Amino acid sequence: MSEPANRAAPQPAAPSGVPTLALPAVAPPQPAQPAPPAQPEPAAEPTPLPDAETTPDAPRRRGRRALLWSAAGVVALGGAYAGAQWYVADRVPTGTSVAGVAVGGKLHHEAVAALDAGLTERAGEHLTLAAATATAEVHPSDAGLALDTTGTVDGLTGFSLHPARLWAHLSGGSDVAPAITVDRDALDAAAAGLAEKLHVEPVDGSVGFAEGAAVTTPATAGSSVTADDVAAAIEAGWLRAAGPLGVPSEQVEPEITQEATDAAYALAQHIAGSPVTVEVGSQTAELPGSVLASAVSFEAVEGELVPSFDGDAIRAAVAERTSGLLANPVEARFQFVEGRPQITGGTPGTTFDTAQLAAAVHDAAVGDDRVARVDVVEQAPATSRADLEALGVREVVSSFSTGLTNDAVRTGNIRRGAELITGTLIRPGETFSLLGALGPVTTANGFGNAPMIVNGQFVPGVGGGLSQLATNVYNVGFFAGFEDVEHRPHSVWIPRYPAGREATIATGSIDTRFRNNSPHGAVVRAWVGGGQLHVQLWSTHHFRVESWQSPKTNIRPAETVPSSAPGCTPRSRGQDGFTITNGRRVFRGSTLVIDESNTWTYRPDHGTSCAPPPQQHAPEAPQDGGDEPAE
């Protein structure tokens with residue numbers, strides 16, 4: 001809600017030495033009373049008249065005359081005073097200015113025009129506030145402020161009998177504050193936002209290490225202001241004060257004071273000042289100050305900086321300076337022996353209790369006895385034999401085989417892929433990824449160049465033939481009843497694979513994945529033998545699967561397409577294109593768990609016959625010398 005502010009104040013009292021004139025009250029005239037009828041008087045002897053100055057009532061009559069003359073003078077003077085006030089009523093006292101804009105001696109409308117010209121531009125400028133080390137800006141309109149030039153001049157003009165008004169005209173005015181209006185809600189909202197901007201967070205002191213030496217960051221106090229103080233500064237200073245408006249602030253102390261920082265800095269110098277010796281059994285490891293400095297950090301705890309040691313870093317430093325103390329545990333895993341999965345590994349190792357080691361080194365580093373005594377402890381493997389035994393991997397739940405080609409490099413790629421995925425454990429709820437199990441398909445990982453389908457054409461590429469592994473993997477997941485997450489058939493049909501129920505892979509774009517939705521673990525086994533690729537899935541039977549396949553439809557014959565393109569390579573035509581659907585129903589007991597179908601359309605695998613490019617004949621020259629060439 002807008003409200004006027006800084007209207008012209010009531011006229012001040014007259015300056016010292018200026019008399020305050022009061023006009024006498026004049027009684028209203030009384031109506032004339034009729035004279036009583038004349039009464040005859042008795043005759044008397046004549047008496048001589050007394051001297052008027054010597055009679056007893058003479059002093060009283062003289063006082064009355066003096067009073068009448070004084071009253072007449074006062075009335076005359078009051079009339080002159082009131083006339084003077086009326087004369088200057090519409091004119092600003094001489095020498096008066098408003099926020100630096102001279103308006104003295106101007107008539108009311110002239111003064112308003114002068115203020116509009118002199119203050120309007122300033123009234124549209126952003127207002128800057130400063131508190132401690134922070135500054136913030138706000139536009140006056142956003143703070144609900146508006147200049148009232150007419151109201152300002154109203155306070156400097158107008159008829160008044162107050163002597164101060166006439167005195168100001170006689171002696172000269174002064175610089176006065178302009179009248180403004182304030183939207184209180186807008187000002188309060190702006191002040192709240194500015195208070196946040198003017199808030200300066202304190203900076204906690206800190207201690208650390210650089211190149212093994214202790215370093216420190218000093219503590220710095222912050223500051224805060226209240227929204228009420230911001231609003232008061234804006235309202236009182238706008239268009240009145242030059243430069244940023246100061247807002248009173250309160251200092252905010254940091255949580256980590258300079259005193260606490262200095263104490264931590266001294267402790268950091270002590271920690272890195274000399275080595276700490278770690279005793280483990282019959283061996284010792286000396287940790288120099290640089291190692292201690294790299295393993296310790298100072299953390300804020302209840303207003304203090306407390307050193308905290310990294311147990312893993314200390315463990316590595318001790319292990320590097322001792323021998324035979326620590327041994328990594330051997331994780332339990334599945335390994336196929338004579339075609340059956342066997343559990344190997346699962347043995348514990350030795351290590352330090354990192355929390356105990358860190359505490360021992362801490363006590364030695366902050367104290368005067370620079371020796372830490374610790375023991376090694378047994379470290380269990382993350383996966384134990386008991387963990388794997390509980391997964392129920394004991395029988396083949398699905399298997400699939402496909403015939404190989406005579407390409408030795410291609411078969412080598414398939415054999416290498418089979419080695420990499422064999423032994424992969426798929427826990428309940430986990431998803432198996434063929435690309436993830438293979439690792440990078442690169443020559444460094446044991447793969448060579450063999451034919452693969454790229455954009456519908458057979459071209460050599462690293463890992464060619466791995467799509468056959470993808471087909472077998474997809475089918476073992478299919479017949480195990482596992483959830484199909486991702487698979488994609490080839491673009492053309494290859495007869496050694498079941499139509500529509502096969503898969504391909506491409507690094508970075510196409511993967512073959514399925515999820516183990518059973519309560520048992522599953523382990524993959526793959527190998528090459530007898531001219532075939534074999535893939536098995538070992539687990540515990542949990543699902544029953546019924547599969548079906550539709551007839552081929554939408555058959556499109558493959559053709560031999562002639563080509564005269566440079567570098568043409570002839571190729572026999574392959575299989576016709578067609579559409580086919582495969583489906584399965586997965587049961588758990590008598591309960592149907594999955595009922596799905598997949599329809600795929602193969603394109604015709606056209607062959608290529610190469611022919612030489614046709615000869616180009618130059619056009620004959622015109623016979624008649626005309627512009628048209630001969631045909």
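What share of the contacts in the chain with a separation of 6 or more is accounted for by residues 24 or more positions apart? Such residues account for 72% of these contacts, a contact being defined by heavy atoms within 4.5 Å. The structure is a predicted model, in which local features need pLDDT of at least 70 and side-chain atom pairs count only at pLDDT 80 or more, whereas totals for chains, interfaces and linings use all residues. Residues are numbered from 1 along each chain as its sequence is written, and side-chain values use heavy atoms, with hydrogens and water left out.

The chain contains 14 helices and 37 strands; these are DSSP runs numbered from the N terminus, with helices (H or I) of at least four residues and strands (E) of at least two. Of the 631 residues in the chain, 36% are buried. Buried denotes under 20% relative accessible area, exposed over 50%, and partly exposed the range in between (1.4 Å probe, protein chains only).

Helix α5 (residues 184-198) comprises 15 residues and reaches 20 Å from its first C-alpha to its last, close to the 21 Å expected at 1.5 Å a residue; the expected span is 1.5 Å times one less than the number of residues. Leu 187, Ala 190, Ala 191, Leu 194, Ala 195 and Leu 198 are buried in α5. They lie on the same side of α5 because they cover an arc of only 145° around the axis, the arc being that of the directions from the helix axis to the C-beta atoms. An α-helix has 3.6 residues a turn, so residues three or four places apart point the same way. The cover over the buried residues of α5 includes β4 (127-131), β5 (134-138), β8 (180-183), β11 (222-224) and α6 (227-237). The exposed residues Asp 185, Ala 189 and Glu 196 are carried on the face of α5 turned away from its buried side. At the start of α5, a side-chain oxygen of Asp 183 comes to within 3.2 Å of the backbone nitrogen of Asp 185. A polar contact is a pair of N or O atoms within 3.5 Å; within protein, one must be able to donate a hydrogen and the other to accept it, and residues adjacent in sequence count only if both atoms are side-chain atoms.

The N-terminal end of α10 is capped by Asp 353, with a side-chain oxygen 3.1 Å from the backbone nitrogen of Ala 355.

The axes of helix α9 (residues 311-320) and α10 come within 8 Å and cross at roughly 85°. Gly 311, Asp 312, Ile 314 and Arg 315 of α9 make the contact with Thr 354, Leu 357, Ala 358 and Val 361 of α10.

His 534 is located in strand β31 (residues 532-539) and, at 15% relative accessibility, counts as buried. Its side chain reaches the backbone oxygen of Gly 529 at 2.9 Å. Beyond neighbours within four places in sequence, the contacts of His 534 include Phe 400, Ser 401, Asn 472 and Trp 527.

Terms used. Axes are lines fitted to C-alpha atoms, for helices over the stretch in contact, and angles run from 0 to 180 degrees between N-to-C directions.
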